[in-house]
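Here is a short briefing on one protein chain. Look at the structure first, then read the points below.

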Amino acid sequence: MITFCLSMVALVVGYLVYGRVVERIFAPDGRPTPAVSMADGVDYVVLPGWKIFMIQFLNIAGTGPIFGAIMGAKFGPSAYLWIVLGCIFAGAVHDYLSGMLSVRHGGAGLPELVGRYLGQRTKKVMLVFSVFLLLMVGAVFVYSPALILGKLCGDGLTWVYAWCIIIFAYYFLATMLPIDKIIGRIYPIFAIAMLFMAVALMAVLLVKWPQLPELTDGLANMNPSAGPIFPCLFITIACGAISGFHATQSPLMARCMKSERQGRPLFYGAMITEGVVALIWATVSMYFFYGGAAGELGLPATLQAPEVVTEVSQGWLGVFGGALAILGVVAAPITSGDTALRSARLIIAEFLHIEQHSIRRRIYICVPVFAFTLALLWYNIADEDGFNVIWNYFGWANQTLAVFTLWTVTVYLVRHGKPFVITLLPAMFMTAVCTAFLLISGNAFGLPTVVGYMAAVLAFIISGLLFALWYRGYRDKDGAGE
């Protein structure tokens, strides 16, 4: 528990200190935001700052900082290091700068930003890549809450199918309607439930004060069957440390901000809050798997993530507290799924130059988007291993998206004469992580671990050298222009 407490303090200090450093580098000012200059009553709508924070937090949270932290905690205390360092120096920086970049470019989506700074060819790749990722999020985040709700209603798949239909119908409405009609009204309620869950579970941990694996015990891999710590831990725990999915969600709130100065609490702060949730669930999970909590609850220590969430919440918090906690866990993926599909609609509309003020034009895009998502959902249900396959591909695609985003904001910082090392090093590191995972993953090439390690080192070095060559050429060109 000492490591947990120190990690919590580190996240708060990271927001107060490093968050302010990043903010000063970007330098927000008083220029009109897209919500003011481009107001349309549908997607560009000024919302109160507290409400924007709640929506952003739920948008980026999903099941990632919960399920990812539960699976990542099996690796041992190394999970703490990745959540804290990844969140402060990579994830929150990634979220803040990508969100503010969208604000500065009229609420532009991620593919537009990538195209502006990494070229039009890369933009086209990112368009397909990001839309496919968003549709996977929509499918995964229908099925995972439906499983939890279905189990609460009874045994068998009938209830699961029923909840899938209900959630899918909600997705369609939330994607189609103006952002302040459904999302702006119900998200604060769901956010309160999720934050209650986190605070309540943390209180139980502090009261119980269990003996858990600490950083002082070493960083040995406590779950070698899940793969090596590098790179598997860095893919498993994504949303609690760094997640490219967040860069697809931030433009939604970039279109609702009244002032650029809301950026640090909104983007950097929401990511730190997500890191707090991930820390709590990682600690709960270490207690469950390695500290005896499973035995105390009369359960096997081999339960899957959704079952851990349900059993721990009900066992520790009682009927009322458990219901609120489960509501938070269920609401998180649902609220990420609907905004993922909303983001897909906006990205496609932006690329095809189809205005979205008209309901009819929104339907043009929503129908094929939902048809493809429904196909993914069916595969998720029909194949007993479908969820795991989609989740693994989602994890790698998610972190690869973060790589593109980090390189994009790095180029932005260079072009505007700002310190770029704050994103350059995370970009190089995540390039190495994604390269190694692609090579050694059983769902990809399945090569020996040593090959992945060698490729990771080469990816880190080569990406740095390529950036140095580009930077030298840019400086020479810039100097010649002067």
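How many of the ten residues of helix H5 (residues 64-73) are buried? Nine of the ten are buried, so helix H5 is mostly covered. Buried means under 20% relative accessible area, exposed means over 50%, and partly exposed lies in between, with a 1.4 Å probe and protein chains only. This is a predicted model: local features need pLDDT of at least 70, side-chain atom pairs count only at pLDDT 80 or more, and totals for chains, interfaces and linings use all residues. Residues are numbered from 1 along each chain as its sequence is written, and side-chain values use heavy atoms, with hydrogens and water left out.

**Helices**

- Helices are DSSP runs (H or I, at least four residues), numbered from the N terminus.
- The buried residues of H5 are Gly64, Pro65, Ile66, Phe67, Gly68, Ala69, Ile70, Gly72 and Ala73.
- Tyr15 sits in helix H1 (residues 2-16).
- Contact means heavy atoms within 4.5 Å.
- Tyr15 is in contact with Arg20, Arg264, Pro265, Tyr268, Gly269 and Ile272, leaving aside neighbours within four places in sequence.
- Tyr15 and Ser336 are 321 residues apart in sequence, and their C-alpha atoms are 23 Å apart in space.

**Salt bridges**

- Side chains of opposite charge can pair when their charged atoms come close.
- A salt bridge is a side-chain nitrogen of Lys or Arg within 4 Å of a carboxyl oxygen of Asp or Glu.
- The whole structure holds nine salt bridges.
- Arg104 and Asp29 form a salt bridge, at 3.6 Å from N to O.
- Arg104 lies in helix H6 (residues 78-104) and Asp29 in the loop between helix H2 (18-26) and helix H3 (34-37), so this pair ties together parts that are 75 residues apart in sequence.
- Asp29 counts as partly exposed, at 23% relative accessibility.
- Asp43 pairs with Arg345 in a salt bridge, with the closest N and O atoms 3.2 Å apart.
- That pair links distant parts of the chain: Asp43 is in the loop between H3 and helix H4 (49-61), Arg345 is in helix H15, and they are 302 residues apart.
- Asp43 and Arg345 are both buried.
- Glu260 forms a salt bridge with Arg104, the closest N and O atoms being 2.6 Å apart.
- Here too the pair links distant parts of the chain: Glu260 is in the loop between H12 and helix H13 (263-290), Arg104 is in helix H6, and 156 residues separate them.
- Glu260 is buried, with a relative accessible area of 1%.
- Asp29, Arg31, Arg104 and Glu260 are linked in a network of salt bridges.

**A buried charge without a partner**

- Glu214 lies in the loop between helix H10 (183-208) and helix H11 (229-236).
- Glu214 is buried yet has no salt bridge.
- The nearest side chain of opposite charge is Lys208, 16 Å away; Lys and Arg count as positive, Asp and Glu as negative, and His and the chain ends are not counted.
- Glu214 touches Met1, Ile2, Thr3 and Pro77, not counting residues up to four places away in sequence.

Key: Helices (H or I, at least four residues) and strands (E, at least two) are DSSP runs, numbered from the N terminus.
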